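Please walk me through this model in the viewer. I would like to know what to select at each stop and what is there.

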Amino acid sequence: VGEGDPAILTLPPHSTSLGKPVAANPYGVPSKYEGNLQRRESPGLTRVSQASVAFTPLQGLFGIITPSGLHFERHHQGWQDIDPAQHRLMINGLVKQPKVYTMDDLMRLPSVSRMHFIECGANTAMEWGNVAVPTVQYSHGMLSCSEFTGVPLSVLLEDCGFDKKNGKFVLAEGADGSSMTRTIDMSRALDDVLVAWGMNGEMLRPENGYPLRLVVPGVQGVSWVKWLRRIEVGDQPWASKDEAVHYIDAMPDGSYRQYTSIQECKSVITTPSGGQTLVGQGFYNITGLAWSGRGRIKRVDVSADGGRTWRTARLEGPVLPKCLTRFNIDWVWDGGPCVLQSRAVDETGYVQPKINELRAVRGTRSIYHNNAIQSWQVAASGEVSNVQVY
Ligand code: MTE
């Protein structure tokens, strides 16, 4: 009863006028009202933006696929837009027949399409010692998930006749100025690694390695070499700068762990999350993402009391190996302060650790592989902030 809502009673111009023609945007773009949803750089994180990261806005995304324009970016030496007609992939080393492939050579081979997450080993790096960043975009946004299309690396290795007895490792090399190389052991290379040109149904974006990148499911992002130009087969790891000096885990006893590639099971609530404000007590859908570099997600539990009690969330299909899994759970907020957490379990039975459990093994000096349970505090005002609960 009352005057009625003018937004219902009065016809707006968009209901009484001619709309825009087809192909006004030959390549579609988001609504002007969605302009706030952007990849963002963390000011002051690195000295130059060419050796930096732009984080994915996880708080604004639905389902499990990251729109290509919001896929996180991490470059060591800036990105390039390489002419595919000029691009080549060489396979050499312990092979019967070293070969140089053009993009045309590669794209006529039998291809596959697979959905996988990619997470930088440094995701959540700033939170080892204490709370450092306000939002899930900055705490977990070095994470994206796409459908990748390409040829299995195993097909190319067979094509070159790799040495099955002595060929124990491959080295992947990028064509940018950063001399990015990573060793991958042969059993993984022959398993599910792709030499990919496609991302979400179209060619890779330049920022993500156009025209060719390695897809190494379950493994930290640094091994997903972009602008891929060379694969060498060898009999031992190369211990290149990006695996012997960088991307190593500082341990509490002063030693460093090398080649810790797998991204262990992890999850995070994306809504409600840091920087958001609840609009009053009552019903909310708590939603988030879970993933494991070792396979499928088996279960996600959610706590609204800082980890004292847990309820099991709904996993939304598809639940795929080494892929993001979306979870949802009903929640009625009583208007009081509380702490929200999610805890994922993968198909190996591994349970995502609390931050103090992780610190007991790994200390606080590390950068890489922080997969701790994330806590979001909801204040009585409805404001949500990043906290650490032990
Ligand atoms: N490959 C090359 N050639 N150069 C790079 O700087 N960065 C690596 C990896 N591959 C990098 C690269 C790192 S550290 C990560 S986390 C991922 O690419 C990021 O991939 P994205 O930019 O597509 O998100």
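Select alanine 172 and display its contacts: leaving aside residues up to four places away in sequence, alanine 172 touches Thr181, Arg182, Ile184, Leu214, Val225, Leu228 and Ile231. Keep in mind that the model is predicted. Now colour by secondary structure; alanine 172 sits in strand E8, which covers residues 169-174.

Is alanine 172 buried or exposed? Alanine 172 is buried, because 25 other C-beta atoms lie within 10 Å and the cut-off for buried is 20 or more.

From alanine 172 to threonine 183 is 11 residues in sequence, and the C-alpha atoms are 6.6 Å apart in space.

Move to the ligand. The ligand is surrounded by 20 residues, and the closest are His76, Cys120, Gly174, Asn208 and Gly221. Colour this shell by class to find eight nonpolar, seven polar and five charged residues.

Then zoom out and colour by domain. Residues 88-257 of the protein chain make up domain 1, and residues 266-387 make up domain 2. A distance of 28 Å separates the C-alpha centres of domain 1 and domain 2.

Last, select the contacts across the two domains: 26 residues of domain 1 meet 24 residues of domain 2. On the side of domain 1 that touches domain 2, the elements giving two or more residues are strand E6 (112-119), helix H4 (136-140) and strand E14 (249-250). The residues on this side of domain 1 comprise 16 nonpolar, eight polar and two charged.

Terms used: Residues numbered from 1 in each chain as written. Predicted model: local features only at pLDDT ≥ 70, side-chain atom pairs only at ≥ 80, totals over all residues. Domains from an automatic or database assignment. Contact = placed C-beta atoms within 7 Å. Helix = DSSP H or I, 4+ residues; strand = E, 2+ residues; numbered from the N terminus. Nonpolar A, V, L, I, M, F, W, Y, C, P; charged D, E, K, R; others polar. Near = placed C-beta within 6 Å. Buried ≥ 20, exposed ≤ 12 C-beta atoms within 10 Å, placed from the backbone.
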